[in-house]
Amino acid sequence: MSVLLIEKGYLLPGNSSGVEIPFGFILIEDDLITVVSEGDPSEQVRNTANEIIDAAGQIVMPGLINAHVHLQQSLVRGLADDRAVWDWVQNVAFPVYGEMNPDEVYLATLIGMVENIRSGTTTTTDNQTVRSKAGNFEAAFRAAKDSGIRYKLARGFNERGVPDQFIETADEIFEDMAGLYEAWHDAENGRLRLDFNPHTLYLVTEETMLRVNEKALEWGIGMHLHTAESEDELNKFVQETGMRHVEWLADRELLGPHFQLAHSVWLNGDEIEKIAESGAVPIHNPVCNMFCGSGVSPVPQMLSMNIPVAMGTDGQACNNGQEMMDTLKWAINVHKLNSRDAMILSPEQVIQMASRNGAFAFGLPEDIGSLEPGKKADLIIVDLDDPRMTVPTLNLPSLLVNFARAEDVVTTIVDGKILMRDKKILFLDEDELVNEFKQARTGLLKRAGIH
Ligand SMILES: [Zn+2]
């Protein structure tokens, strides 16, 4: 058994009591947290440890959960700047996605994971919104297996409204999903998971949505859907169906705790009520919503109704970053600005969105999202040495949200394994990965005709 001891840290367990431990230790046995305690460990406890991390002057907290990303967008990052969403999706993303092969998906996913791990993320839900070449979904899972990150593939599909090469029939979707479910769901000590990911409501049929939802419930997996992201797409959907997105989903009784509503920007009061009643999980992507000019999600209202709103960065091309630690500050400030109320959200609420609520979105609310005995050892250590962090009072949540940046994360641990220590990624050579990735990307963009 491997025993890892983290001692002398400021502990922010992030459990429902909100208690902080100004000086304490955490014991990890294999993949699980077994002790979270104040003070110093006994000599006996110290002697059982194979490895000891001294976290003096550092914050130990739950790993952040990035509940909505598109890691293959590493390949098209920087090509969507200052363009409308559907313009760059059609003219940049689709030509590249149509060409990318499993080796390229593997490298893009892996480099995206490194970026997440560096900035304090221990868990990601990765949307691959289209099926392109055979083996691409498997390549993403292989990258997750090799990196050690906790990972869920939201396997995308489209039945209309996209180039022909991405269109799949319901039977094709089910057959492929069955193979992925068998091979990858719950694999690697439960670290890997799978979701159905109808790209968005206007790109799939009603019949398939109903079938897929039934299958998701039968298999015990999630549904992940881009929902009410921009006003434009909502208006078009209303014209087509006479209903708003969440209204349509609720009318068909699809919503439940397994259902993740990425973005949830354009919601009315009735729809928020329906989300609250159903237990569905909205995912707030504040930086992407600003980047794409989509609007401001009614997050404070949803949180006040005990809806477990989770948080994400969205893809590298519609945010340009994967830094969840930095997203905390964007998240609190966008709502202060929008409401003109400096008290509209607390730092504690923002951290909860990125940790405990993210665990609901990932489908493991009992296992991840806080530091408690019996939970998975997914945690990060944040350094307080930077001059930026020298403040007279040690209010940990405020320090993390208002002062900390991605580069302050020094150590990232997932499932009890150290993936980054003292800012060094341990599972691969980063320079080699960057070189390989750049080469692959250059070849791919050339093949796709993107200059
Ligand atoms: Zn997205």
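Helices here are DSSP runs of H or I with at least four residues, and strands are runs of E with at least two, numbered from the N terminus. Counted that way, the chain of this predicted model holds 17 helices and 17 strands.

Let's start with the overall build. A compact globule of 451 residues would have a radius of gyration near 22 Å, and the chain agrees with that at 21 Å. Among contacts with a separation of 6 or more, 76% join residues 24 or more positions apart.

| Property of the chain | Value |
|---|---|
| Radius of gyration | 21 Å |

Now for a closer look at one helix pair. Helix H2 covers residues 85-99 and helix H17 covers residues 430-448; their axes come within 9 Å and cross at roughly 110 degrees. Angles of 65 to 115 degrees count as roughly perpendicular, so H2 and H17 are roughly perpendicular to each other. On the H2 side, Pro95, Val96 and Glu99 take part, meeting Leu444, Leu445, Arg447 and Ala448 of H17. The residues of this contact comprise 5 nonpolar, 2 charged and no polar ones.

H17 also contains Phe437. Is Phe437 buried or exposed? Phe437 is buried, because 20 other C-beta atoms lie within 10 Å, and 20 or more is the cut-off for that label. Beyond its neighbours within four places in sequence, Phe437 is in contact with Leu107 and Ile111. Ser74 is 363 residues away from Phe437 in sequence, yet their C-alpha atoms are 9.3 Å apart in space.

Methods. Residues are numbered from 1 along each chain as its sequence is written. This is a predicted model: local features need pLDDT of at least 70, side-chain atom pairs count only at pLDDT 80 or more; totals for chains, interfaces and linings use all residues. Axes are lines fitted to C-alpha atoms, for helices over the stretch in contact, and angles run from 0 to 180 degrees between N-to-C directions. Angles under 35 degrees count as roughly parallel, over 145 as roughly antiparallel, 65 to 115 as roughly perpendicular and the rest as oblique. Two residues are in contact if their C-beta atoms, placed from the backbone, lie within 7 Å. Ala, Val, Leu, Ile, Met, Phe, Trp, Tyr, Cys and Pro count as nonpolar, Asp, Glu, Lys and Arg as charged, and the others, Gly among them, as polar. The radius of gyration is taken over C-alpha atoms; the globule rule is 2.2 Å times the number of residues to the power 0.38. A residue is buried if 20 or more other C-beta atoms lie within 10 Å of its own, exposed if 12 or fewer, and partly exposed in between; C-beta atoms are placed from the backbone.
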